[in-house]
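Please check each against the coordinates.

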Amino acid sequence: MSRPTARVLTLLELLQSGGIRTVAELAQRLGVEGRTVRRYVDQLIDLDVPVESVRGRYGGYRLAPGYRLPPLMLGDDEALAVLLGLVAARRAGLTTAQHTANETATAKIRRVLPKHIARRLDALLESLSFTEQPGEPDTPDAGVLLTLADAVRHRRPVSIRYTDREGRQTERILHAYGIVAHAGRWYVTGKDARIGEDRTFRLDRIADARTQPGSFEEPAGPGPAQRVLSGFATAEYRHEVTLRIHGTVEQIRAHLPASVASLEEQEQEQEREREQEPGAGSEQEPEPEPAADRDRAAGRWLRVELRAERLDWLPPVLAALDRPFVIERPDELRDLVIALADRLAARARRARP
C-alpha cells in the first residue's frame, strides 16, 4: 500500500474515533502539511465518506452520518471486542431473525484480522466454556425490534400483531415502556391501551409493528426490567403456591429469583417467633440481640408466592434451600415434599452393596 493511501485510511480512522479534528492536529498525526490534509479529505468525500467541514475558531473536520456505512477502521483490541460480542450474542440467542447477519459480520472481521490476533481469538474460543447449553433461539424480526425501540424513545403508541402461546392472533395498541433481554429472549413491556393494563410480550411472537400518531407520558414506578420480572412471578399458571420461609432475602433469592417468586415480610410471624424464644418473659431473660443483627444471622419469616405449571421441581429447590418453611398451599406440594423426603431417607439407609 502506497504511503498516501495509507495516510488516507489513517485519516478515516482518526475521524471515526469521534469529535472534531482540527487541520493542525490531523497534519501532526499524519506527518503532512495542512493542504495535504485537505486533499486527503477530498479523496474521502470522492469515496462517498460523509466528512463535514466545521468552521470557526475550533473548527476542523468530523465524520457525519451518511446514507451508507463507510469503511470501518478498527484496532486489534476493538476488532477482538466486536467478535467476542457477536459470539456471545449468538450463544445467548440475543440476535435478530436475520441470523446470517451475525455469521457474515463475524466472517468479514475474521477474514481481515492479523494472524497473531486470529490465533489468540481461536485459542480463546477453544478454551471457552458455557454453563448453559444453547437452546433453540427465539429471535425477533429486526424491523419489529427497531420499530419498538423508536416507539419507546419517542413515547409513541405502536400497533402490534401478536400470537400468544395458545396460537391466538390479536391486534393490540401498545404504549411501550422498554425492551428487555432476559434468559436468551427479547421482551417488550408496556400498557395495552385497549384494556388499560400492563402487559409483557415476547418479541419473536410479534409479526408486525407500526408506529401510530399521538404520544403518552412516561410511567412512574419500576423500570422495564423489574416490570418484566414481576410479570413472570405473577403470570397465570396452573398452580398458585404460597410458602412461608425463614431465611434472608439473599438465601431465598439464590434459589427463587424475582422472575419466579415474590417475597413479602411477615410481621406477625416475627412477633410470634420472639415470644416463643427460650426464656422469654422470665427474670433471667438475657439481653436480646438487636433485630438487625438477628435478621442478618438467621433471617426472618418471609411469605413467598409463585405460580407454576408443574410442582415437581419445587421439592428439590426447598431441600437445597435448607431453611425452615411452611407450605400454605397447595396440599399437592406438601405430598410431593413428603414423598421426596421418604425417598431420600430410604436411600440414605440403604447398605453398601
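1. Basis. The model is predicted: local features need pLDDT of at least 70, side-chain atom pairs count only at pLDDT 80 or more, and totals for chains, interfaces and linings use all residues. Residues are numbered from 1 along each chain as its sequence is written, and side-chain values use heavy atoms, without hydrogens or water.

2. Helix packing. Helix 2 (residues 23–30) packs on helix 3 (residues 34–46) at about 95 degrees, with the axes 9 Å apart. That makes the two helices roughly perpendicular (65 to 115 degrees). Axes are lines fitted to C-alpha atoms over the stretch in contact, with angles from 0 to 180 degrees between N-to-C directions. Helices are DSSP runs of H or I, at least four residues; strands are runs of E, at least two.

3. Helix contact. Val23, Leu26, Ala27 and Leu30 of helix 2 meet Gly34, Val37, Arg38 and Tyr40 of helix 3 (heavy atoms within 4.5 Å).

4. Aromatic pair. The whole structure holds one such pair (ring centres within 6.5 Å). The ring centres of Tyr162 and Phe201 are 4.8 Å apart and the planes are at 70 degrees, so the pair is edge-to-face (over 60 degrees). Tyr162 lies in strand 3 (residues 158–163) and Phe201 in strand 6 (residues 197–202), 39 residues apart.

5. Burial. Tyr162 is buried at 7% relative accessibility, and Phe201 is buried at 3% (under 20% relative accessible area, 1.4 Å probe, protein chains only).

6. Charge over ring. The charged end of Arg244 sits over the ring of Trp301, 5.8 Å from its centre (CZ of Arg within 6 Å of the ring centre and within 35 degrees of the ring normal).

Methods
Parallel < 35°, antiparallel > 145°, perpendicular 65-115°, else oblique. Phe/Tyr/Trp six-rings, centres within 6.5 Å; stacked < 30°, edge-to-face > 60°. Buried < 20%, exposed > 50% of the residue type's maximum accessible area, 1.4 Å probe, protein only.
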